[in-house]
Number of protein chains: 2
Amino acid sequence: MIKPTITIEYCPKCGWMLRAAYMAQELLTTFSDEIRSVTLLPSETGGRYTIYIDEEIVFDRKESGHFPEIKELKQLVRDVVNPAKSLGHSDKK
Amino acid sequence: MIKPTITIEYCPKCGWMLRAAYMAQELLTTFSDEIRSVTLLPSETGGRYTIYIDEEIVFDRKESGHFPEIKELKQLVRDVVNPAKSLGHSDKK
């Protein structure tokens, strides 16, 4: 089975690279067995912060009106890549 | 013209994720106009630290016997993606 690829598309002019790299590292740590890779993709569209699993959008800043909290992002990714996985304290509300 | 994609394949069991993420951020900062994205790819092969531009290997730890210095890595990437680009103080020996 081919593991899914995550892409974090971010607006470099907005200064969001460090945030994207931080989230990439969180995902690679938490989902080391479930995902193939994480790609950091600078956007040409201003204000974009969009996270994809393969080609599918799982989080979009414009849509949501905010950045994802890391706990929220892990839950969204978990629900796609391994729904049975417990996230420990990141699973509490 | 399609900009090249960089991939950093690293051994997660060796604890090299932070190093890979650090280098990803350096490359995204220095080559913001020249590259499309940087992918962090955990390797299933122990001891691997290999950097690709598109499908082409530009640096391999086993081959070289060491990790790339960031200055060295930027020179290697620059030579492929934009040979005319000056790297400032990273161009001195």
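Predicted model: local features only at pLDDT ≥ 70, side-chain atom pairs only at ≥ 80, totals over all residues.
**Notebook: salt bridges, core and symmetry**

I began with Glu26(B), which forms a salt bridge with Lys74(B); their closest N and O atoms are 2.7 Å apart. Glu26(B) sits in helix H1 (residues 17-30) of chain B and Lys74(B) in helix H3 (residues 70-81) of chain B, so the pair ties together parts that are 48 residues apart in sequence.

Next I looked up how accessible the two partners are. Glu26(B) has 22% relative accessibility and counts as partly exposed, because buried means under 20%. Lys74(B), with a relative accessible area of 9%, is buried.

I then turned to another pair on chain B. Glu34(B) makes a salt bridge with Lys85(B), and here the closest N and O atoms are 3.2 Å apart. This pair also links distant parts of the chain: Glu34(B) is in the loop between H1 and strand E2 (37-42) of chain B, while Lys85(B) is in the segment after H3 of chain B, 51 residues apart. Buried or partly exposed, I wondered, is Glu34(B)? Glu34(B) counts as buried at 11% relative accessibility, and Lys85(B) counts as partly exposed at 21%.

I noted Arg78(B) as buried, with a relative accessible area of 10%. Asp79(B) I noted as partly exposed, at 46% relative accessibility. For the tally, I wrote down 10 salt bridges over all chains.

On to the nonpolar side. The largest nonpolar core has 51 residues. Which of them touch the most other members? My list reads Ile6(A), Ile8(A), Leu40(A), Ile6(B), Ile8(B), Leu40(B) and Tyr49(B). As a general reminder to myself, nonpolar side chains tend to be buried together in soluble globular proteins.

Leaving out residues up to four places away in sequence, Leu40(A) touches Ile8(A), Tyr10(A), Ala20(A), Ala21(A) and Ala24(A) in chain A, and Ala24(B), Leu28(B), Ser37(B) and Val38(B) in chain B.

Last, I checked how the chains relate. Chain B superposes on chain A by a rotation of 180° with 0.0 Å of shift along its axis, at an RMSD of 0.0 Å. The two copies are therefore related as by a two-fold rotation axis. In chain B, the C-alpha nearest the axis belongs to Thr39(B), 2.0 Å from it. I also found that the same surface serves both copies, as 100% of the contact residues of chain B recur in chain A.

Conventions. Residues numbered from 1 in each chain as written. Chains lettered and ligands numbered in written order. Heavy atoms only, no water. Least-squares fit on C-alpha atoms with pLDDT ≥ 70 in both. Contact = heavy atoms within 4.5 Å. Core = buried A, V, L, I, M, F, W, Y, C linked by side-chain atoms within 4.5 Å. Buried < 20%, exposed > 50% of the residue type's maximum accessible area, 1.4 Å probe, protein only. Salt bridge = Lys/Arg side-chain N within 4 Å of Asp/Glu carboxyl O. Helix = DSSP H or I, 4+ residues; strand = E, 2+ residues; numbered from the N terminus.
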